Amino acid sequence: MNPYSFEDPVTDQKMFYGYHNEVKKIVERVTEQWSFFVLGGPRMGKTSLLQQVEHGLEALGKKNTSRNARQLVIPLYLDMRDIPATDKDFFGKVAKKLEQFLDEHIFAHAIPSEVKISLDSVENAAEPFDSFAAVLLEITEVMKPKELRLVLLVDDLWRKLGSETEIIFPRILRALLTPSEINYAVASVFTGSFYDLGVIGSSASPLENVLFDQSLHVLNKAQTLLLINEPTQNKIPAEVTQEIYQETGGHPFLIQYIMSHLYDREDWAYVTTEDVGQVIVKFEEEREDFKDWFKKLSEIDRKVYKVFCQVELGMETQICIDDLLHMMKFDIPNVNWPVIRDALNALATTGLIRETNEDCYELAGQWPARWFRRMW
Ligand SMILES: Nc1ncnc2c1ncn2[C@@H]1O[C@H](COP(=O)(O)OP(=O)(O)OP(=O)(O)O)[C@@H](O)[C@H]1O
Ligand SMILES: [Mg+2]
């Protein structure tokens, strides 16, 4: 069976590449009440990463249920596409998921039926968060001496952007992140794009101090080679893997797209760079991803990306913030360091450029760059 997939998030741990350090860090720290915002553009691997965090926490939970365990770790994955955009629905769903988790695990017998009834009533409560917090306190009592650690993995809180969500999601964030009597027991990991983070900054600025950013990035060369070579038993010729790296720039979704097509050919040792070219043509015929990425960039991001796309191949390709400030001062009025840094972050988390040194970046994939050049 073809192990590559460009449509679904990675669920097979063996097919998850490149973001292991990020997963490890999040798994270690959420149990100490750190909350995270995982920043990534479309198709950069946000859902895949969240699912690995869930596996990591489940494994920890299993370890922790052994004799001397201090903590009871409960990860709950919440796909915001399944949740209508009100805070009632949100906490109602969290309560349902928690109930299901408690039911499915060995400690279900320890949960009194009143707690289950309270969990059921969250969705219809006048103040869903308060009602949820109250049940959590009950559960904490029941679980003692173990410490409850509920980790909410909230995928795409911003998926349903609209005027209603604009009001609701800061409320959810505040409820979860500002000090309250349940804070010691709950940590959250949110995913979204660079611009979603900006919305938090403006609508709920006190949260900046309690929400740690974890930026996604394109895979480096070694990680890209592993993703290409391990599932194909090192049979793909080196010039072809090099071509895939240069074309995709290490963008996990673009690598998966190419590899899912090449994998179906059984003669991996005879695959050529022309075959890669054919897959790229097919992508452009059938998919609109680049258009979607482009739409999400701001005017300034596009101007900065243009500078990267114009750098000649084979020359020194790294560009630093100071160079950009100098180059762009005629093009962008009032350009300054934070403006450029924001554009670079937006481009790097979209997987179009990669950080090379502190404050310095280079073009990632040639393939999206060609597409963007055609658009100008
Ligand atoms: N760590 C990874 N290792 C290997 N492949 C990955 C990894 N992360 C993402 N991918 C590939 O990229 C594709 C998109 O991943 P995923 O759905 O997790 O991204 P996303 O950021 O959640 O996307 P969306 O913006 O559509 O919600 C997947 O189909 C998978 O093939
Ligand atoms: Mg996703």
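The following questions and answers go through a predicted model of a protein chain with a ligand.

In this predicted model, local features need pLDDT of at least 70 and side-chain atom pairs count only at pLDDT 80 or more, while totals for chains, interfaces and linings use all residues. Residues are numbered from 1 along each chain as its sequence is written, and chains are lettered from A and ligands numbered from 1 in the order in which they are written.

User: How many helices and strands are there in the protein chain?
Analyst: Helices (H or I, at least four residues) and strands (E, at least two) are taken as DSSP runs and numbered from the N terminus. Counted in this way, the protein chain has 16 helices and 8 strands.

User: What share of the residues of the protein chain count as buried?
Analyst: A residue is buried if 20 or more other C-beta atoms lie within 10 Å of its own, exposed if 12 or fewer, and partly exposed in between, with C-beta atoms placed from the backbone. Of the 376 residues of the protein chain, the share that counts as buried is 38%.

User: Which residues come nearest to ligand 1?
Analyst: A residue is near a molecule or strand if its C-beta atom, placed from the backbone, lies within 6 Å of it. There are 23 residues around ligand 1, and the elements giving two or more residues to this shell are helix H2 (46–64) and helix H10 (252–263). Those that come nearest are Gly45, Lys46, Thr47, Ser48 and Gln256.

User: Why does ligand 1 lie between two domains, and which are they?
Analyst: Domain bounds come from an automatic or database domain assignment. Residues of the shell around ligand 1 come from both domains, so the ligand lies between domain 1 (20–215) and domain 2 (221–287).

User: Is Gly45 buried or exposed?
Analyst: Gly45 is placed in the loop between strand S1 (35–39) and H2. Two residues are in contact if their C-beta atoms, placed from the backbone, lie within 7 Å, and Gly45 touches Tyr19, Gly40, Leu216 and Pro252, not counting residues up to four places away in sequence. Because Gly45 has 28 C-beta neighbours inside 10 Å, it counts as buried.

User: Where on helix H1 do its buried residues lie?
Analyst: In helix H1 (residues 20–30), the buried residues are Val23, Ile26, Val27 and Val30. The arc, which is that of the directions from the helix axis to the C-beta atoms, is only 100° for these residues, which puts them on the same side of H1.

User: Which exposed residues does the face of H1 turned away from its buried side carry?
Analyst: The buried side of H1 is made up of Val23, Ile26, Val27 and Val30. The face turned away from that side carries the exposed residues Asn21 and Glu28.

User: Which strands pair with S3 in the parallel sense?
Analyst: Two strands pair if DSSP finds at least two bridges between them. Strand S2 (residues 71–79) pairs with S3 in the parallel sense over 9 bridges, with Gln71 having Glu147 as its bridge partner in S3. A further 5 bridges join S3 to a parallel strand, where Leu153 stands opposite Val189.

User: Is Val151 buried or exposed?
Analyst: Val151 has its place in strand S3, a strand in which 8 of its 9 residues are buried. The residues it touches, not counting those up to four places away in sequence, are Val30, Leu57, Val73, Ile74, Pro75, Ala187 and Val189. With 25 C-beta neighbours inside 10 Å, Val151 counts as buried.

User: What is the peptide bond from Lys144 to Pro145, cis or trans?
Analyst: Most residues other than glycine have a negative phi, and most peptide bonds are trans. Pro145 is placed in the loop between helix H5 (128–143) and strand S3 (147–155). With omega near 10°, the bond from Lys144 to Pro145 is cis.
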